[in-house]
Amino acid sequence: MYSTDRALVLGAGGLVGMAWMAGLAHGLRREGVDLGAADLTVGTSAGAIVASVLASGQDPEQLAASPRVAGPRPQVDAGRMGEVFAVLGDPGLEPAEARRRVGQIALRDNDPAAEQALLAGRRTVIGTDVWPDRQLLITAVDATTGEAVVWDRDSGVPLVHAVAASSAFPGAAPPVAVHGRWYMDGGLRSGTNADLAAGARTLVVIEPLAHLFPREPLEQELAVAGAHTVVTVAADPASVRAFGSDLYDPAAREASYQAGLRRAGDVGGQLRSAWGAKAEAG
């Protein structure tokens with residue numbers, strides 16, 4: 001029935017969510033839980049960055065500090081992001097149509113210089129240009145059609161481009177060109193995309209922004225995944241306070257990372273039990 005023993009899903013979260021997941025993953029290593037040992041890892045948006053680091057065998061602690069990147073950093077446009085959330089919050093739009101309209105907004109940010117700066121920054125952050133041997137899925141959305149895509153090492157898409165596109169939320173980062181098409185944040189399809197982990201016996205879902213969204217969509221995705229054991233880890237109130245009101249605030253990065261480290265102490269025991277299922281199953 002199960003084609004994969006252990007799957008890890010890392011969701012969207014902006015800059016602070018990325019730092020929190022990195023702190024959580026590093027703290028869990030101290031607790032005896034190596035999330036990088038997952039047989040399948042699904043990364044969406046900020047989760048794509050952390051997923052790439054973990055699946056390639058690197059220490060997530062490297063994400064604790066802001067990297068030094070040459071050139072200008074992409075700037076957050078609060079007005080543009082407001083437009084995006086207005087579209088996403090329109091109950092009269094089907095999800096696919098909402099994504100297509102968000103894509104139209106994203107394509108107004110089609111700036112080659114900003115795109116190159118984004119790619120350079122993501123390359124520095126993930127520390128590798130090579131897809132890992134472990135199975136890694138990176139999600140994104142076609143900015144023209146609104147259709148979701150899933151890339152892996154056999155897709156012919158450079159890892160840096162996949163990660164940059166997956167984490168290119170309109171207003172915070174420009175769309176990314178891949179084979180002549182433009183792509184944007186995979187979180188526009190789902191904050192976790194946990195259904196992509198179908199076939200795993202044990203599924204761990206890390207969702208920094210669970211406090212901002214209804215639970216029902218994730219429950220539906222988990223039903224599709226059909227794992228025997230499911231553990232979800234969300235940000236606790238202390239972590240949410242560390243995030244602050246701006247998910248892209250560099251000043252909140254260190255506090256978010258430390259909050260993730262502390263959260264690891266809370267959930268380490270539960271995850272040790274779940275993550276050990278592979279060895280026990282023989």
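With which residue does E97 form a salt bridge? In this predicted model, in which local features need pLDDT of at least 70, side-chain atom pairs count only at pLDDT 80 or more, and totals for chains, interfaces and linings use all residues, the partner of E97 is R100, with the closest N and O atoms 2.8 Å apart. Residues are numbered from 1 along each chain as its sequence is written, and side-chain values use heavy atoms, with hydrogens and water left out.

A salt bridge here is a side-chain nitrogen of Lys or Arg within 4 Å of a carboxyl oxygen of Asp or Glu, and the structure holds 13 of them. E97 and R100 both belong to helix α4, where 3 residues, about one turn of the helix, separate them. Helices are DSSP runs of H or I with at least four residues, strands are runs of E with at least two, and both are numbered from the N terminus. E97 also takes part in a salt bridge with R101, again with the closest N and O atoms 2.8 Å apart. R101 and E97 are 4 residues apart in α4, so about one helical turn lies between them. Accessibility is classed as buried under 20% relative accessible area, exposed over 50% and partly exposed in between, using a 1.4 Å probe and protein chains only. On that scale E97 is partly exposed because its relative accessibility is 24%. R100 is partly exposed at 29%, and R101 is partly exposed at 37%. Elsewhere, salt bridges with shared partners link R80, E83, R108 and D109 into one network.

E83 is partly exposed at 32% relative accessibility, whereas R80 counts as buried at 15%.

Attention now turns to how these helices pack. Two packed helices are described by the angle between their axes and the distance between the axes. For α3 (residues 78-88) and α4 (residues 95-107), the angle is about 165° and the axes are 9 Å apart. The axes are lines fitted to C-alpha atoms, for helices over the stretch in contact, with angles running from 0 to 180 degrees between N-to-C directions. The contact, defined by heavy atoms within 4.5 Å, involves R80, E83, V84, V87 and L88 of α3 and A98, R101, V102 and I105 of α4. These residues divide into 6 nonpolar, no polar and 3 charged. Nonpolar covers Ala, Val, Leu, Ile, Met, Phe, Trp, Tyr, Cys and Pro, charged covers Asp, Glu, Lys and Arg, and polar covers the others, Gly among them.

Helix α2 (residues 46-55) has 10 of its 10 residues buried, so it is largely enclosed by the rest of the structure. The cover over its buried residues includes β1 (4-10), α1 (14-30), β2 (40-43), α5 (112-126), β3 (135-142) and α6 (159-166). Just after α2, G57 adopts a positive phi of about 80°.

Within helix α1 sits H26, a buried residue with a relative accessible area of 9%. Apart from neighbours within four places in sequence, H26 contacts D59, P60, E61, Y257 and L261.
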